[in-house]
Number of protein chains: 4
Amino acid sequence: MSQPQPAGIGKGRIEALADGVFAIAMTLLVLDLKTPAPGPGETADDLPRKLGEMWPRFLTYVVSFLILGVLWVGHHAQLHYVRRSDRPFLWMNLAFLMVVSAMPFSTALLGAYREQPVAVAVYCGNLVVAGLVLFGQLHYAAGPGRLFDADMDPALIRAGSRRLLMGPALYSLAAGLAFVSTTASLVVCALTPLLYLLPGRVDRLWSSGERPPEGDSPTKG
Amino acid sequence: MSQPQPAGIGKGRIEALADGVFAIAMTLLVLDLKTPAPGPGETADDLPRKLGEMWPRFLTYVVSFLILGVLWVGHHAQLHYVRRSDRPFLWMNLAFLMVVSAMPFSTALLGAYREQPVAVAVYCGNLVVAGLVLFGQLHYAAGPGRLFDADMDPALIRAGSRRLLMGPALYSLAAGLAFVSTTASLVVCALTPLLYLLPGRVDRLWSSGERPPEGDSPTKG
Amino acid sequence: MSQPQPAGIGKGRIEALADGVFAIAMTLLVLDLKTPAPGPGETADDLPRKLGEMWPRFLTYVVSFLILGVLWVGHHAQLHYVRRSDRPFLWMNLAFLMVVSAMPFSTALLGAYREQPVAVAVYCGNLVVAGLVLFGQLHYAAGPGRLFDADMDPALIRAGSRRLLMGPALYSLAAGLAFVSTTASLVVCALTPLLYLLPGRVDRLWSSGERPPEGDSPTKG
Amino acid sequence: MSQPQPAGIGKGRIEALADGVFAIAMTLLVLDLKTPAPGPGETADDLPRKLGEMWPRFLTYVVSFLILGVLWVGHHAQLHYVRRSDRPFLWMNLAFLMVVSAMPFSTALLGAYREQPVAVAVYCGNLVVAGLVLFGQLHYAAGPGRLFDADMDPALIRAGSRRLLMGPALYSLAAGLAFVSTTASLVVCALTPLLYLLPGRVDRLWSSGERPPEGDSPTKG
């Protein structure tokens, strides 16, 4: 009880705001897929070719959506274990959402300038910051007597931290690589979210130490 | 307990994100209804005629809204029976939302080029993929020992699957038809959601085997 | 048990989607408040005058926001008494949300052409349809053996219906008036939501027959 | 029971609408970060310089996001103590959300004209009104026999009021200062939200008199 905490900002409120921000950031990505307009000397019959030329935009859309999905999963997995909130944690969450909200900008920048190292680096940098803020939250929440349960398995926190830091590490690499080869950098960016689709050590720990959250009773298994 | 599952991503979280994405995708459709601007040699008095000329846009808005409504109903009916979530199911849901989020793009493309077969086919293709991912989810969740209740009526799953596949089947037909007649293709697209307004075999099964979800107690009937 | 009902689409799901759609429709209104750009021969110092000239846009924003607020209140008051949902009611709700989602279009049209009768009539017409669909929902839900509690006070339903129909009646009047005087029409539109700010007969009935909704325990009074 | 209240508009509904509006207003801020396009005589290689020139836009984004975060925290802290809702309180909340929804306009105006006193004053004015409406809500809810618990500590209400009024006071000052020096005004605007990051007297009162809200059980401390 030594630390003051902002009452009234429960975990549920943070989750509701986060779900809203993620839903909107994901959906705003589509605003970057603009209906192609015929250029000078072109007619509507050029549409198939023009749609084909949009493939980097479509790919950017898919990759950014997946990356937001990975961040959403990471944010919720973390909130699942948080038992209470305090002011620093609340503001780390708002900072995280601010970085997530910037993704449609970074994505549009990348879509327009995918051969410019600085555009690729800004995109990667956005992802690095998002991952680091999320790691900062985890580190803060896991501190002694902080926001997690006292009897939480430290191995689970360590496995979660390692899994979480994989992203910023690879995106930092990609940011540097952008100044050598933007193509190589983008390949790293596109492959990284796929790594998170695979189950990892954290899943094994989760499934063994699992307590079902309220309102989500796994009747099987 | 043999399968690892991502704790912290309960069913409620997926539903909240889905409700957000659907609400935004539905509302973004309106951005395609642009205020008509007077062209060269036109005045504000030409507004009634110009609004009249927008009728294909209004129709596209209504049809796309209804189609998103059908998908939303289908997604929630499925989630209703899911008792727990795992990593593959979670990512199928994110893939589904990614396809749903693309609908404002497909709708705007169709609104701008409704006589171009490729635009109509992209629109229909978006709907085919949405339906197939939703079917993939259902098929995965219904697997033995997976995410549905063990005592769930297999006839209900079969009826739900058939109802769900009706959409991709008709939209595939419409996609092919687009290269013969875009008008015929659009008629199929516009009529398909109306089929889902009718009650079907799945309703009879639902109402007989119904267990009320928590917080939603049907005191009548 | 005679009526089939779509399981899995509980009241909570409809409310969540409605809250999302209303939040977005309200927030999209701001997109019509565009940053004024200096015209030919103007400089940044003309900003105060240009902001002043935007007053009809600001007024349209406020009125449309209030009107959406009235509709949101009406929708939720109705849902509060609904004990279960069925397929026709679900689709009436989606139709209602479709009409609500069109408000940013009608508002932008009105903002651009506030002296054109057809623009004013489209705006009023949008509100008439929204009110009538909401009334249709109420009428359907109140049918014998339908979605309301059997012991619900019929006087409350009658008072709610009258209050609800006040809107479409006045907006219909405003739509007709638009072809005589757009100013008079807009005055009616702007004053109508204010009527809903006042307590009415329905409030007295509500407060006397009130059962607290779950999770919302009025400990006082 | 003397006051009529709109049944069906529980606290939860207001919170859901508010979370949606805040999530969208926060995310719409990013629409003001436009991908820079090469001007006449510029090439894609000018991108780093053009991104650098966007720094005031980035700063405006961060400050506006933080300010919305402060308002969101303030709104929820207040709602936390509200035990029931009535019609005036409901409409004050809608007025508050209307002012919050206008923030993307004020932010875009400021981003485009940060050296014009009127643009800075509009931005500050928006924040003053938001704070005053929030204070009005608090004042109303705290009235004798109104919406707060009867046994609520008056010192907590006084501390909350003082903390809340700090914002409008400083933003009023900044609005006036804008006509002397826009830079000085913006410095005040940017520093004010930082004051809210610090714990205050209200936190000490909160943590001592705290009753855990439902569904948010602090198992520690």
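This is a predicted model: local features need pLDDT of at least 70, side-chain atom pairs count only at pLDDT 80 or more; totals for chains, interfaces and linings use all residues.
I began with helix α4 of chain B: the buried residues of α4(B) pack against α1 (11–28) and α3 of chain A, and also against α1 (11–28), α3 (55–81), α5 (103–112) and α6 (117–141) of chain B. Residues are numbered from 1 along each chain as its sequence is written, while chains are lettered from A and ligands numbered from 1 in the order in which they are written.

I noted that "buried" means 20 or more other C-beta atoms, placed from the backbone, within 10 Å of a residue's own. Eleven of the 15 residues of α4(B) are buried, so this helix is largely enclosed by the rest of the structure. Among them I found Phe89(B), Leu90(B) and Asn93(B).

Then I moved to chain A, which has nine helices and zero strands (helices are DSSP runs of H or I, at least four residues; strands are runs of E, at least two). Of its 221 residues, 52% count as buried.

I finished with Gln78(A), in helix α3 (residues 55–81) of chain A. Why is Gln78(A) buried? Because 22 other C-beta atoms lie within 10 Å. Leaving out residues up to four places away in sequence, Gln78(A) touches Gln137(A), Leu138(A) and Ala141(A) (contact means C-beta atoms, placed from the backbone, within 7 Å).

Note on methods
A residue is buried if 20 or more other C-beta atoms lie within 10 Å of its own, exposed if 12 or fewer, and partly exposed in between; C-beta atoms are placed from the backbone. Two residues are in contact if their C-beta atoms, placed from the backbone, lie within 7 Å.
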